[in-house]
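Here is a short report on one protein model. It covers aromatic contacts, salt bridges and a surface patch.

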Amino acid sequence: TYSDEWREKLLDYYCLPPCQTCTSDLSALSFGIGGKGSGVQWHVHGPGFSESIHGKKHWVLYPPDQKPNYDPDYTSRHWMEDIYTSLVSSSKLESKTKTESLLPFECTVMPGEMIYF
């Protein structure tokens with residue numbers, strides 16, 4: 001929840017990374033805290049960045065012209081445990097060309113690392 005105390009004790013001290021769209025007039029800072037297996041549902045937005053200060057965050061990304069198969073009534077954890085695992089299993093059984101377009105790009109951002117998207 002945003003408050004003056006939150007801004008004064010954290011946001012005012014945060015240094016934006018060196019990128020073209022990472023300026024104070026173009027950036028909306030938000031911080032998240034989550035436990036193992038937590039995550040956000042599929043969504044779309046413009047350019048941005050995410051930095052891990054403590055812990056790690058696993059990213060699953062699709063190109064803008066591809067949309068993942070998901071049900072908005074289910075959690076991202078459900079998607080990873082059920083849908084994703086079936087995609088990976090299918091990719092091992094079928095030709096790489098046919099299934100590679102179904103698989104997302106992935107990376108894990110570790111403490112002190114950042115991803116631009």
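Is Tyr84 buried or exposed? Tyr84 is buried, with a relative accessible area of 16%. Buried means under 20% relative accessible area, exposed means over 50%, and partly exposed lies in between (1.4 Å probe, protein chains only).

## Basis of the model

This is a predicted model: local features need pLDDT of at least 70, side-chain atom pairs count only at pLDDT 80 or more, and totals for chains, interfaces and linings use all residues. Residues are numbered from 1 along each chain as its sequence is written, and side-chain values use heavy atoms, with hydrogens and water left out.

## Aromatic contacts

A search of the whole structure finds 4 aromatic pairs. Rings of Phe, Tyr and Trp (its six-membered ring) pair if their centres lie within 6.5 Å; planes under 30 degrees apart count as stacked, over 60 as edge-to-face and the rest as tilted.

One of the pairs joins Trp42 and Trp79 edge-to-face, at 5.0 Å centre to centre and 80 degrees between the planes. This pair links distant parts of the chain, 37 residues apart: Trp42 sits in the loop between α1 and β1, Trp79 in helix α2 (residues 76-93). Helices (H or I, at least four residues) and strands (E, at least two) are DSSP runs, numbered from the N terminus. Trp42 is partly exposed at 22% relative accessible area, whereas Trp79 is buried at 4%. Trp79 also pairs with Tyr84: the ring centres are 5.9 Å apart and the planes are at 40 degrees, so this pair is tilted. Trp42, Tyr62, Trp79 and Tyr84 form one aromatic cluster.

## Salt bridges

The structure holds 2 salt bridges. The criterion is a side-chain nitrogen of Lys or Arg within 4 Å of a carboxyl oxygen of Asp or Glu.

Glu5 and Lys9 meet at 3.2 Å, N to O. They are 4 residues apart in helix α1, about one helical turn. Lys9 is exposed, at 61% relative accessible area. Arg77 bridges to Glu81, with the closest N and O atoms 2.8 Å apart. Both lie in helix α2, again 4 residues apart, about one turn. Arg77 is partly exposed at 43% relative accessibility, and Glu81 is partly exposed at 45%.

## Nonpolar surface patch

Trp6, Leu10, Leu29, Phe31 and Ile53 form a nonpolar patch on the surface, with about 420 Å² of accessible area together. Patch residues have over 30% relative accessible area and no salt bridge; like charges are joined within 9 Å, nonpolar side chains (Val, Leu, Ile, Met, Phe, Trp, Tyr) within 5 Å. Areas come from the Shrake-Rupley method with a 1.4 Å probe; for residues, only the protein chains shown count as cover.

Leu29 lies in the loop between α1 (4-9) and β1 (49-51). Leu29 is partly exposed, at 33%.
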